[in-house]
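Hello,

Here is the structure I promised to pass on to you. Please open it first, and then read my notes below.

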Amino acid sequence: MSFEIRTAGVPDAEDISRVQVDSWRTTYKGIVSDDYLSALDYRKRQEVWESVVTQNNTFLLIDEEGSTVGFAVGGPERSEEHIGYDGELYAIYLYEAVQGTGGGRQLFEAVVADLIARGFESMIIIALEDNDACGFYEKMGGRVIAKEETDIGGDRLTELVFGWEDIKSI
């Protein structure tokens, strides 16, 4: 499978919201409550993404038919709790059908290149501990630097914080 990576604009927010909601429903099934997942709303997510794409470069994964099948976005580390890490991969989502085809790596590398170009030297990503993508982050060289608790839909879940001390060496 071959993909194109391109930067998103406001008109892409609807496609991004669909990828996010649909991938949450497949990736987090059995981890996050079914009630929470079924209540996810495309329109509400689209409104969020219309703003996000104007704040940080959001990269789209485009398949051979020209459809958006994944996206990723990063920027400054938001919590200021992870000393020594200045960048963050905020989100990386792909439709289940294209996971494991190399598109995730392409998105990951696009965000890393963007962070480097913007002067960042290190990076974190926070992922639910039971998310199969944790293996991908380890494969990409991330190491667990912290564990945190979060509330999603009334459930307490554990998140792992993966860190890369030198993103230029990825």
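Two strands count as paired if DSSP finds at least two bridges between them, and strands (E, at least two residues) and helices (H or I, at least four) are DSSP runs numbered from the N terminus. The model is predicted, so local features need pLDDT of at least 70 and side-chain atom pairs pLDDT 80 or more, while totals for chains, interfaces and linings use all residues. Residues are numbered from 1 along each chain as its sequence is written, and side-chain values use heavy atoms, leaving out hydrogens and water.

Now the sheet. β4 and β5 pair in the parallel sense over two bridges; Gly87 has Met123 in β5 as its bridge partner. Both strands belong to an open sheet of seven strands with mixed pairing, in the order β1-β2-β3-β4-β5-β7-β6. β1 (4–7) and β6 stand at the edges with a single partner strand each, so one side of each has no neighbour in the sheet.

Next, the pocket (an open set of points on a 1 Å grid over the protein atoms alone where a 1.4 Å probe fits, with protein on both sides within 12 Å along at least five of seven lines; lining residues have an atom within 4 Å of a point). Of its 46 lining residues, Tyr28, Ile92, Tyr93, Asn131 and Tyr137 are the closest to its centre. Which element gives the largest share of the lining? β4 does, with seven residues.

Best wishes
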